[in-house]
Amino acid sequence: MARIAALAVLGSLMGFSVQAEDWLQWSTIAWHVRGPAHLRGVAALGGVGGLVSPERVGPLTPQVVARNVSPYVATHQRFFVENIATDFYAPYHRWWPDRDPSAAFTDLQARHQAAPADPAVWRREPSLDDPVWRDRIARRLAAHVRAYGRYRPLYYSLGDETGIGDLSAAWDFDLSPASLAGFRRWLRGHYASLAALNAQWGSDFTAWGAVMPLSTDAARARLRDGDGNLSGWGDFKAYMDVAFARALRAGSDAVHAADPSARAAIEGAQMPGWGGYDYSLLAHAVDVMEAYDMGFSIDIARAMNPGLVLLTTGFEGGPREVWRLWHSALQGARGVVIWDETGDFVGADGAMGARGASLADDLRLLAGMLGRQLIAARPDPGAVGLVYSPASFRAGWIEDHAGDEGWARRSAEAELADDALRVATRSAAEALLQAGIAFHWIGPAELAGPPRAGEKVVILPHVLALSDREVAAL
């Protein structure tokens, strides 16, 4: 009871107000499911269900569906349908029976090292703009919604650990014909004329069909030895984030077309950065997002779209994990997906493991009325705005790697390391939090518009790139 009282006081100090929401209960969800006894053990900790894997071999028959859902029917639990379209949304980081998840991407890196001039390494397969693939994925998603819809899944996962390339790795995707055509159409919506584009880029294209983006190597050279104009590189990187979010939105639309009440999701969302992780776009592409709690990803995603259902991921136990779960709830998470490969959370027989025991009391509290109140709450936006600038991330990255001849060999893990923007952003956010000063995140669209009512201060942590509209608004 003391913990409940303390958290209630904390909520009031943070200025939360209660509003009705669609996803009303904190949801503890098992990723590894080992049958009905296991699900009952998870339910005893406030759990609501687990996953159903898509059918990878053979048709999605009623018999297959009945087999897949039988543990949930037996225990009156719910489930989500996992990884329906990973081959489209995560082709360079996905499960293989006999290979590392990132094998397709490391193969590309090896091909690039062997033949640096080979243009094929910069073509995403499949292209996010490929209409044949778009249609194939839409039909597959619709088939899964029709097959499982009567059981009201928690959500349909478009993919786990999705990305333009390998998670948040930097790569010059996508120079396929479909992507270039989409890029050129997008440019025509952003530039009044080809002459205007040439003036901005410092280029001399004679037709829209001839426009090519600046590669990372060319941008690095231009930064070191030329005029430093990176517009052709920055525009293409921005477009790839648009293409990724738009492809996810198309998947969500396919799910909604089959069942307007169904939810589309992605899981394993990465730190803000490369790979399509511009949360000002991504937060509007799906209904549910399981995001790794890195780089304020949950906080930023919620700020960009307050209606997004956010889930965090649970890998650990003990006091630090208890703190993290409550912190995630205060950030706006509405549940946790538990990774339990060894059964130390709940065993196959339903017995609580040591890790589950360390979290049990708090998971039950989150699943109860207090968790409901947190989910229905909205933070006081405060008078301080903290700018979230994907364009500045890109600008800082290219400056940091202007002399890095090995940038194309970098892994996704390497791109999670601190840089000046991330350090400045974290320092500003933590200083405000420690001082008890309420603040709100400002994304690109909001930064270019009028200020919020009551906004007095805007903090720009290592913001290097501002549009003319953003400068005028500031």
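## Terms and basis of the model

A residue is called buried when its relative accessible area is under 20%, exposed when it is over 50%, and partly exposed in between, with a 1.4 Å probe and only protein chains taken into account. By this rule Gly 385, with a relative accessible area of 0%, is buried.

The structure is a predicted model, in which local features need pLDDT of at least 70 and side-chain atom pairs count only at pLDDT 80 or more, while totals for chains, interfaces and linings use all residues. Residues are numbered from 1 along each chain as its sequence is written, and side-chain values use heavy atoms, with hydrogens and water left out.

## The chain as a whole

The chain contains 19 helices and 13 strands, where helices (H or I, at least four residues) and strands (E, at least two) are DSSP runs numbered from the N terminus. Its C-alpha trace spans about 65 × 55 × 40 Å along the principal axes. The radius of gyration, taken over C-alpha atoms, can be set against a globule rule of 2.2 Å times the number of residues to the power 0.38. For 474 residues a compact globule would have a value near 23 Å, and the chain agrees because its own radius of gyration is 23 Å.

Of the 474 residues, 55% count as buried. Contact means heavy atoms within 4.5 Å, and among contacts between residues at least 6 apart in sequence, 72% join residues at least 24 apart. The accessible surface, which comes from the Shrake-Rupley method with a 1.4 Å probe and, for residues, counts only the protein chains shown as cover, amounts to about 20,000 Å², and 57% of it belongs to carbon and sulfur atoms.

The chain carries 44 positive and 54 negative side chains, and the centres of these two sets lie 6 Å apart. In this count Lys and Arg are positive and Asp and Glu negative, while His and the chain ends are not counted; the place of a charge is taken as NZ of Lys, CZ of Arg, CG of Asp or CD of Glu.

The expected span of a helix is 1.5 Å times one less than its number of residues. Helix α5 (residues 103-114) has 12 residues and should span 16 Å, which agrees with the 16 Å between its end C-alpha atoms. Within α5 the buried residues are Ala 103, Ala 104, Phe 105, Leu 108, Gln 109 and His 112.

Because 21 of its 28 residues are buried, α10 is largely enclosed by the rest of the structure. Helix α12 (residues 297-304) is mostly covered as well, with 7 of its 8 residues buried; among them are Ser 297, Asp 299, Arg 302 and Met 304.

Asp 160 lies in strand β5 (residues 156-160), and it counts as buried because its relative accessibility is 16%. Leaving aside neighbours within four places in sequence, Asp 160 is in contact with several residues, including Trp 31, Glu 82, His 93, Glu 267 and Glu 290. The C-alpha atoms of Asp 160 and Ala 85 are separated by 9.0 Å, although these residues are 75 apart along the chain.

Gly 385, the residue with which this report began, is placed in strand β11 (residues 384-387). With neighbours within four places in sequence left aside, Gly 385 is in contact with His 440, Ile 442, Glu 455, Val 457, Val 458 and Ile 459. The C-alpha atoms of Gly 385 and Gly 275, which are 110 residues apart along the chain, are separated by 26 Å.

## Backbone details in the loops

Most residues other than glycine have a negative phi, and most peptide bonds are trans. Glu 125 and Pro 126, however, are joined by a cis peptide bond with omega of about 5 degrees, and Pro 126 is found in the loop between α5 and α6 (131-148). The peptide bond from Phe 173 to Asp 174 is cis, with omega near 5 degrees, and Asp 174 lies in the loop between β5 and α7 (177-190).

Arg 152 is not a glycine, yet its phi is positive, near 55 degrees. Arg 152 lies in the loop between α6 and β5, where it is partly exposed with a relative accessible area of 38%. Glu 161, in the loop between β5 and α7, likewise has a positive phi, of about 50 degrees.
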